[in-house]
Amino acid sequence: MKTIQLEYTDKGYSYIKCTRKECLNWGGLAICDSCGCDMLEEVYLIYILGQAFCQKCFKEWVERSKKYEDDLTLQKQNHKRWYAAHGFKAIEKI
Ligand SMILES: [Zn+2]
């Protein structure tokens with residue numbers, strides 16, 4: 001399993017940036033869940049949405065997303081397991 005550092009949006013939602021190849025490895029189609037484009041470059045995997053976004057859609061989501069404490073609590077409990085299911089050992093930034 002690949003070890004990867006978690007990143008967080010300004011609202012506190014975790015995500016990881018991965019490659020198209022890694023997306024295909026977990027059985028993803030490398031199709032953006034928002035706009036449906038073929039993700040040739042970076043793939044953004046977002047726990048709280050349960051989806052993978054292209055860079056453009058990720059940026060748009062970051063802009064419009066709102067911070068919900070309940071979501072952040074849920075995230076804390078579950079996100080590492082969810083990322084692990086996609087082949088990543090997610091670690092906190094030091
Ligand atoms: Zn997209």
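Trainee: Which residues touch the most other members of the largest nonpolar core?

Mentor: This is a predicted model, and its largest nonpolar core has 22 residues. Those touching the most other members are Ile16, Val43, Tyr44, Leu45, Ile46 and Phe53.

Trainee: Which elements each supply at least two residues of this core?

Mentor: You'll find β3 (14-18), β4 (43-46), β5 (51-53), α2 (55-64) and β6 (88-91) doing that. With four residues, β4 gives the most.

Trainee: Let's zoom in on Phe53. What does Phe53 touch, leaving out residues up to four places away in sequence?

Mentor: Phe53 touches Cys32, Asp33, Ser34, Tyr44, Ile46, Phe58 and Trp61.

Trainee: Now the strands. How do I read a sheet?

Mentor: Strands in a sheet pair through backbone hydrogen bonds, in a parallel or an antiparallel way. Here four strands make an open sheet, ordered β2-β3-β4-β5, with antiparallel pairing.

Trainee: Why is one side of β2 and of β5 left without a neighbour in the sheet?

Mentor: Both β2 (7-8) and β5 stand at the edges with a single partner strand each, so one side of each has no neighbour there. For β2 and β3, the antiparallel pairing runs over two bridges, and Tyr8 sits opposite Ser14 of β3.

Trainee: And helices?

Mentor: An α-helix has 3.6 residues a turn, so residues three or four places apart point the same way.

Trainee: Where is the kink in α3 centred?

Mentor: On Asn78, with a kink of about 50 degrees. Just after α3, Gly87 has a positive phi of about 95 degrees.

How values were computed
Residues are numbered from 1 along each chain as its sequence is written. This is a predicted model: local features need pLDDT of at least 70, side-chain atom pairs count only at pLDDT 80 or more; totals for chains, interfaces and linings use all residues. The bend at a residue is the angle between axes fitted to the seven residues ending there and the seven starting there. A nonpolar core is a set of buried Ala, Val, Leu, Ile, Met, Phe, Trp, Tyr and Cys residues joined through C-beta atoms within 7 Å. A residue is buried if 20 or more other C-beta atoms lie within 10 Å of its own, exposed if 12 or fewer, and partly exposed in between; C-beta atoms are placed from the backbone. Two residues are in contact if their C-beta atoms, placed from the backbone, lie within 7 Å. Two strands pair if DSSP finds at least two bridges between them.
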